[in-house]
Amino acid sequence: MQIASLARATVVGSISAVLGCWYWRKVPKSGLLNSLKTALSSLKRVSGECNGGWRPAAKDADIRNIPKGKHTLGSVRAKQTWILINQMTKTAIVLGAGGFIGSHLVKRLKAEGFWVRGVDLKFPEFSESAADDFVIGDLREQSVCDRIIDRRFDEVYQLAADMGGAGYIFTGEHDAEIMHNSATINLNIADRAHKRSIKRVFYSSSACMYPEYNQLDPDNPNLEESSAYPAAPDSEYGWEKLFSERLFLAYNRNFGMTNRVARYHNIFGPEGTWQGGKEKAPAAICRKIALARDNGEIEIWGDGEQTRSFLYIDECLEGTIRLTRSDFEGPVNIGSDEMVTINQLVDYVSGIAGKTIHKNHIPGPTGVRGRNSDNRLIESKLGWRPSEPLRAGLERTYMWIEQQVRRNAA
Ligand code: NAD
């Protein structure tokens, strides 16, 4: 009997010692008392919730290519434990966190003090992700979505999509992949968020969903939100965006969710794709000009008289976060209303580069004839609209791309 008690005491003592050491290592010493309180209340919460609460991560067999170090699913588990203890920290998940906007959004949310999980097929190309956890996973797989949306995140940002610049979207060669891949991701995420009792997902739609017939006049395109119907986007990418906007808003109506939908217009900035065929016009033009000699020539698709507006990444993030936390569901444009022709864009960039550049207009995919963001709705609903001049963002972007070009050449 005494031996049994002694053995029991030894086992209990050892477990306490191990837990004590682990806990002392995980918890900042200054916040120990607070954290103990929070841990107790979290444990109550975990045991009380049957749907939509925290769950330990399930088996990780389908999460592919998990690299070593900070970004392993093992660390996902450790961090989940940490979240469990520190429930005071707000949590966000960024889907598409290895992409251009997603990687910047992670940085922004970290700067605001969020605990952030990023998910993507790949890591950000140009800098280390700022995410606390970064899961390499394919969001077309339901099992992956189950695993990564394993708790009720405070904020969910759905940016993952099969996309690219005009050379990828408008040639028609990738239509089936674009539609299948992006729609599957959106179907999975809307459903998974709903099943986890997450109320709000931010969804990034695109100006490409607007009807082509309102974008024929380069001087007066109509991209008011209400002009979306009768629908007639000029690309399958745009049709998929339109479908997915409707999907997220249908979940609002039928399941009491409060999803938010923005229509982005040409976002640009440092650390965006700048070569390889998926880059957008500002990055492609910056690259061509950085590579050209003074008095040299660059190729421009079409006559260059098609109009566009371009929004710098920081303003895109500001609008995204404001919309996500607002009472307005959208869809709403997030874009600049400083409309320029592609020829003017070339002139801006060559001015920044200090080079004289001649334009050689060649046939190529050009998209719609005119496009500009209509910012009346965002201003009336959020009391905010993007306001930074295009040139300021172009200066930062050109400097970054020029650096990449030099590094590549070295
Ligand atoms: P991006 O291509 O840089 O990022 C998208 C990310 O999604 C990529 O990193 C990609 O790897 C990831 N992804 C694709 N398929 C995936 C999958 N099956 N599983 C996991 N991840 C997957 O694009 P971005 O410029 O950062 O755009 C973000 C979102 O905003 C996209 O939905 C895009 O359609 C939308 N949008 C962007 C712009 C723009 O100008 N950048 C304009 C309109 C709309």
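Which of the 25 residues around the ligand come nearest? They are Gly99, Ile101, Ala161, Ser206 and Tyr264, where a residue counts as near a molecule if its C-beta atom, placed from the backbone, lies within 6 Å of it. The model is a predicted one, in which local features need pLDDT of at least 70 and side-chain atom pairs count only at pLDDT 80 or more, while totals for chains, interfaces and linings use all residues. Residues are numbered from 1 along each chain as its sequence is written.

The elements that give two or more residues to the shell around the ligand are helix 4 (100-111), helix 7 (175-195) and strand 5 (201-206); helices (H or I, at least four residues) and strands (E, at least two) are DSSP runs, numbered from the N terminus. Helix 4 gives the most, with three residues.

The buried residues of helix 4 are Phe100, Ile101, Gly102, Ser103, His104, Leu105, Val106 and Leu109. A residue is buried if 20 or more other C-beta atoms lie within 10 Å of its own, exposed if 12 or fewer, and partly exposed in between, with C-beta atoms placed from the backbone. What covers these buried residues includes strand 1 (91-95), strand 2 (115-120), strand 4 (155-158), strand 7 and helix 10, where two residues are in contact if their C-beta atoms, placed from the backbone, lie within 7 Å. Gly113, whose phi is positive, near 95°, follows helix 4.

Leu390, Gly393, Leu394, Thr397, Tyr398 and Ile401 are buried in helix 13. These residues lie on the same side of helix 13 because they cover an arc of only 130° around the axis, the arc being that of the directions from the helix axis to the C-beta atoms. On the other side of helix 13, Ala392, Gln403, Arg406 and Arg407 are exposed. The buried residues pack against strand 7 (267-268), helix 9 (281-291), strand 10 (311-312), strand 12 (340-341) and helix 11 (342-353).

Some backbone details lie in the loops. A cis peptide bond, with omega about 0°, joins Tyr229 and Pro230, and Pro230 lies in the loop between strand 5 and helix 8 (236-255). The peptide bond from Gly330 to Pro331 is also cis, with omega near 0°, and Pro331 is found between helix 10 (313-324) and strand 11 (332-334).

Ser197, in the loop between helix 7 and strand 5, has a positive phi of about 60° although it is not a glycine, and Ser197 counts as partly exposed because it has 13 C-beta neighbours inside 10 Å. Glu271, in the loop between strand 7 and helix 9, has a positive phi near 70° and is partly exposed, with 19 other C-beta atoms within 10 Å.
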